Amino acid sequence: MERHHRLVTGALAVLLIVLAALVGARVAGAEGGGQNQFPCTSTALRAGALLPDLVPDQQLLTDDHVVWRDPQTGKFLLAFSAGIANVGAGTLNVVGYRDQVAGSVLPDPNTMPAYQRIFHADGTCDELQVGTMEYHPVHHHWHLDGVMTYELFNVQGDLVAPNTKVAFCMADVAKLDPSLSGSPTAPAFNGCDPNQRTTYVNTGTSVGWEDIYDKQLFGQNFDVTALMNEPQAQYFLRQTVDAAGILFEEHNDNNTTDISVRLGVGVPYSTGRPRPGI
């Protein structure tokens, strides 16, 4: 994947995510106010649809991972930043909506059906159910389930540390490739609705943009305490986009990337821990 421009990285990316979580989703020129205006007249995937193509950012994963020792617990954490880039012909747009929540009792579990909107050159769109959105109590906003997984393997190919974070809030965090046709100059998706009682959520990643999850965020790490107390060895950190296979994309053979990491006694580490919430 060729990186032409990255306008937002590191701490600034986290700041954008925080701000987006505080103000909720704002989609340029689209719906607002928690109302689903349902612009799609088709509920089937028609020929000529402009599909997104989601790929993991291998370079970001390579450049921004670190071993921390949590000063409060003493545990060793392999923390890493990860990105999902949309290099396809069409926008990734996923919405969720449900009936009005009545009274003071929230649904349990607090979920709503999720639908992918797939656009055509004439401006029409197809809307197909792709899974579930769930309000995340730690991140304090809505996530789409099944977007991405992280796994840690040894050189024999054995899974040594699965990660349970598979749900994500999607947004335009960094401009990756403005040369792609249809790539907007400004972010169209700025976050996920923080309102637990909302009846409508609108999320996505535009063509030529990337969604970034900084290593300081809750869930962007493995507990590798046991491995750091063993002799040094090589491991492989795997990132898989659309791990549940729920999204409609141009390609599905480019959704996984691996990087090599070294863990064990004597491997350098620093002091740190993930930030709760957000």
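Analyst: The link of Cys-40 and Cys-125 is left-handed, with -110° about the S-S bond. The model is a predicted one, and in it the sulfur atoms of Cys-40 and Cys-125 are placed 2.0 Å apart, S to S. With a cut-off of 2.5 Å between cysteine sulfur atoms, the count comes to one disulfide.

As for the position of this link in the chain, Cys-40 belongs to the loop between α1 (10-23) and β1 (54-56), whereas Cys-125 belongs to strand β7 (residues 125-136); the pair therefore ties together parts that are 85 residues apart in sequence. Cys-40 has a relative accessible area of 1% and is buried. Cys-125 is likewise buried, with a relative accessible area of 3%. Both values are to be read against the limit for a buried residue, under 20%.

The open sheet may be described next. Four strands make up this sheet in the order β14-β3-β2-β17, and their pairing is mixed. Because β14 (221-223) and β17 (270-271) stand at the edges, each with a single partner strand, one side of each is left without a neighbour in the sheet. Strand β2 (residues 65-69) and strand β3 (residues 76-80) run antiparallel and are joined by five bridges. Within this pairing, His-65 has Phe-80 in β3 as its bridge partner. In general, the strands of a sheet pair through backbone hydrogen bonds, in either a parallel or an antiparallel manner.

Note on methods
Residues are numbered from 1 along each chain as its sequence is written. This is a predicted model: local features need pLDDT of at least 70, side-chain atom pairs count only at pLDDT 80 or more; totals for chains, interfaces and linings use all residues. Side-chain values use heavy atoms; hydrogens and water are left out. Helices (H or I, at least four residues) and strands (E, at least two) are DSSP runs, numbered from the N terminus. Buried means under 20% relative accessible area, exposed over 50%, partly exposed in between (1.4 Å probe, protein chains only). Two strands pair if DSSP finds at least two bridges between them.
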